Each structure stands twice: as C-alpha cells, then as structure tokens.
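We will go step by step, from the whole chain down to single side chains.

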Amino acid sequence: MEETGGSSAYGAALAGGGFDFYKFVRQPPTIVRLLSWMFAMVVFSCITTEGYINPPHSAVAKCIFNQNDSACHYAVGIGVIAFLACVAFLVLDVYVPFMSNVQERKYAVMADLGFSGVWTFLWFVCFCLLASEWGRTHDVRGIPQDAARATIAFSFFSIATWGILTYFAFGRFRHGVNDVTIPSYTEPPSDHQTPYPPTYAPTSYNPTTYNPTTYTPYPSNMPDMQQQPPFTSSLQPQGDYQPPNY
C-alpha cells in the first residue's frame, strides 16, 4: 500500500522550516488578498467620508446613492468585514504551513473557501445595488461623483479578487483531499468459469493398489541365544598402596 502525503496536505510544505517573508508576499494568493484588502478599504472609506450629503431642503444627511441609506450601510458593512477578514486570513496564511495537525489545516482551508465564496456573492450584490441606485440618482448637484464611481468600480473589482481567492482556496482543498486519501484494497475479479485459480489447479490423481505384505511366523526351532553374564572386571586386585619414598 502506498504512503500518503498527509504530512504535507492542505499547504504544509513549510512544516519544520523557517518563514520566508519575501517568498510569502510574492505568492499569488497573498497578492490577491492584499488587493482585496485595499479594495475593501476604498469602498467603505469613500462612503464614510463622502457618501452622505445634506439635500437642499433637508438638514438630515442622506446617502449619495439615490438617498438610499440601506445601500450605503450595506456597502460599508461588507467593506469593513472584508477588510478585517483579509487581515485575519493573511495571518492564517502565515501559520497554516506550520500547523502539524492535518485536521486543523483542513478547517482553515475550508474556512477560507467558504468565506471567499460567500463574499464573492455579497460583493456582486453590493455592486448591483450601488450601480442600480446610482442610475436612479437624477439630481447630482453637490454629490461627489468621483467617490460614487470609485465605490462602484472597486465593488466590481472586489468581485474578481474574491472570486480568485475562492479559486485558490478550492485548489488547496482539492489538493489536500487528494493527499490524505488512502488507497483501499480491492479484490481481483473472480473467474466464474474455472473452478480453481490457474496457479492452484489440482493435478491428476492416480490411485495405486495396496498390496499387503505377507509376514512369515517366527521359527520355533531356532536355538535360544545364550544370555551373556553381567559385566565383571578381569583386573586382578593389586597389593596395598605404598606411598613413594623421597
């Protein structure tokens, strides 16, 4: 059975090594995440600084997008959350390669995949909402049009960047699943036409006829063998022991 690459699954190629800052900032996911961070900051900054004006006959500030405060609130909320999420996922991208637990890396990649996919859709809704409300705004006197157009443009750019982040996260998730998958053993297909496997085919059996051996009785006229006497020593006893004289 093959060994799996579970130790390097879900982006753990740097496990046990050092952190290379210049290599990290040159990675495509890091560059796209930094762009998403910047785009989100532009969107909510434009609305919070120039997104509300006082109409000619009202003292209450209204949203520049057809005086629809919900549109401005939605764009600010999406932008602020995206801004904070980019910072959090940048920190997570630094620590994920050094995580020794495969399940923790898997959850981190799944969180990135899910959040990026959801925010791609929310930025699409934000772009459609702002573009629609700006198209219905007829009285543009005193409205900072550059700020409105920048908000719409960077909302559209955010759709692209978060979509790319979703693609990168999906690639990491799919690669991790392929690394941790353990190949299973499958039985070879059986051949129903032959009763035995080809390597264990029985040989032909040739029975032999059993011929019993005929034994002759023990003859009774043979002389009995004389029983040998027990062993006796033939050495003659010697005299008393005389110690040597020195």
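This tour of a predicted model begins with the overall fold and then visits some salt bridges.

**Stop 1: the whole chain.** Show everything as a cartoon. Follow the chain from the N terminus: the elements run α-α-β-β-α-α-α. The accessible area is about 17900 Å², and carbon and sulfur atoms supply 61% of it. Of the 246 residues, 28% are buried.

**Stop 2: contacts.** Take the contacts between residues at least 6 apart in sequence. Of these, 80% join residues at least 24 apart.

**Stop 3: R172 and D93.** Which residue forms a salt bridge with R172? Select D93: the closest N and O atoms of this pair are 3.7 Å apart. R172 sits in helix 5 (residues 145-180) and D93 in helix 3 (residues 69-95), so the pair links parts of the chain 79 residues apart. Is D93 buried or exposed? D93 is buried, because its relative accessible area of 13% is under the 20% cut-off. R172 is partly exposed, at 25%.

**Stop 4: E133 and R136.** Select both side chains. They meet in a salt bridge, 3.9 Å from N to O. E133 is buried, with 7% relative accessible area. R136 is partly exposed, at 49%.

**Stop 5: D139 and R141.** Here the closest N and O atoms of the salt bridge are 2.9 Å apart. D139 is partly exposed at 38%, whereas R141 is exposed at 67%.

**Last stop: a network.** Select R33, D93, D112 and R172 together. Salt bridges with shared partners join these four residues into one network. The chain has six salt bridges in total.

Notes: Residues are numbered from 1 along each chain as its sequence is written. This is a predicted model: local features need pLDDT of at least 70, side-chain atom pairs count only at pLDDT 80 or more; totals for chains, interfaces and linings use all residues. Side-chain values use heavy atoms; hydrogens and water are left out. Helices (H or I, at least four residues) and strands (E, at least two) are DSSP runs, numbered from the N terminus. Buried means under 20% relative accessible area, exposed over 50%, partly exposed in between (1.4 Å probe, protein chains only). Contact means heavy atoms within 4.5 Å. Accessible areas come from the Shrake-Rupley method with a 1.4 Å probe; for residues, only the protein chains shown count as cover. A salt bridge is a side-chain nitrogen of Lys or Arg within 4 Å of a carboxyl oxygen of Asp or Glu.
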